[in-house]
Amino acid sequence: MKQKTMSIRFNSRSIFFGLVALSTGLFFGCGNPGTKNEVKTEKVEEPAEVSAPTTQELSFKDKEGKVLPLSALKGKVVFINFWATWCPPCIHELPSIDQLRQSLKDHKDIVFLMVDVDGDMEKSSAFMAENKYDLPLYIAEGDIPAEFLGQSIPTTVILDKAGKIVERLEGSRDYGAPEIKKALEDIASGS
């Protein structure tokens, strides 16, 4: 009789921890942004020598079709968030990114780029408007190097004034936390 009770207790714990693990995975990242979580079955071989684009070669396009090369932002701290409208963790962190941007709106040395990984400017613009976010929306011009965007979204990359990556964060975060604002201000001031 004791064994049966222990087995039931163990199964309940297994289910509980399984659900926690599943929900944590959904909360913190949305898998490969290029496939909307579809599983790729083909093996892709990479050429022996591939040089990834430098930050100076990356460009983004805004709603009006203006192209913004990342090199044009040298001398500024750049907060780049890679996201998609279908990604729950991305949607979860957007209010805090909006809050962070609003708190730094007058800081001329900190720039925000919200990059829709699907490249659907119309859909992402409608999403931003519907949710009343005041975030500068872009799509990538060309491929995004793995040093910026790996296998999951949301991913946030922070560049220093020299254009070097100082932070790369995968998964959803609370960007409304005061220490994040202070960290960006410190990077901007060279501290």
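Colleague: Quick one before we start: what does exposed mean here, and what does buried mean?
Modeller: Exposed means over 50% relative accessible area, and buried means under 20%. Keep in mind that this is a predicted model.

Colleague: Thanks! So is lysine 132 buried or exposed?
Modeller: Lysine 132 has a relative accessible area of 71%, so it counts as exposed because that value is over 50%.

Colleague: And where does lysine 132 lie?
Modeller: In the loop between helix H3 (121–130) and S5. Its backbone is worth a look too: phi of lysine 132 is near 60°, a positive value in a residue other than glycine.

Colleague: Nice. Changing topic, which residues does the cis peptide bond join?
Modeller: Isoleucine 153 and proline 154, with omega at about 0°. Proline 154 sits in the loop between strand S5 (137–141) and strand S6 (155–159).

Colleague: Which strand is asparagine 81 found in?
Modeller: Asparagine 81 is in strand S3, residues 77–83.

Colleague: Buried or exposed, that asparagine 81?
Modeller: Asparagine 81 is buried, with a relative accessible area of 0%.

Colleague: Then what does the side chain of asparagine 81 make polar contacts with?
Modeller: There is a polar contact with the side chain of glutamate 93 at 2.9 Å, and another with the side chain of threonine 156 at 2.7 Å.

Colleague: Which residues does asparagine 81 touch, leaving out those up to four places away in sequence?
Modeller: Asparagine 81 touches Glu93, Ile97, Leu113, Met114, Val115, Pro154, Thr155 and Thr156. That list includes Pro154, and proline 154 is a partner in the cis peptide bond we talked about.

Definitions and conventions. Residues are numbered from 1 along each chain as its sequence is written. This is a predicted model: local features need pLDDT of at least 70, side-chain atom pairs count only at pLDDT 80 or more; totals for chains, interfaces and linings use all residues. Side-chain values use heavy atoms; hydrogens and water are left out. Helices (H or I, at least four residues) and strands (E, at least two) are DSSP runs, numbered from the N terminus. Buried means under 20% relative accessible area, exposed over 50%, partly exposed in between (1.4 Å probe, protein chains only). A polar contact is a pair of N or O atoms within 3.5 Å; within protein, one must be able to donate a hydrogen and the other to accept it, and residues adjacent in sequence count only if both atoms are side-chain atoms. Contact means heavy atoms within 4.5 Å.
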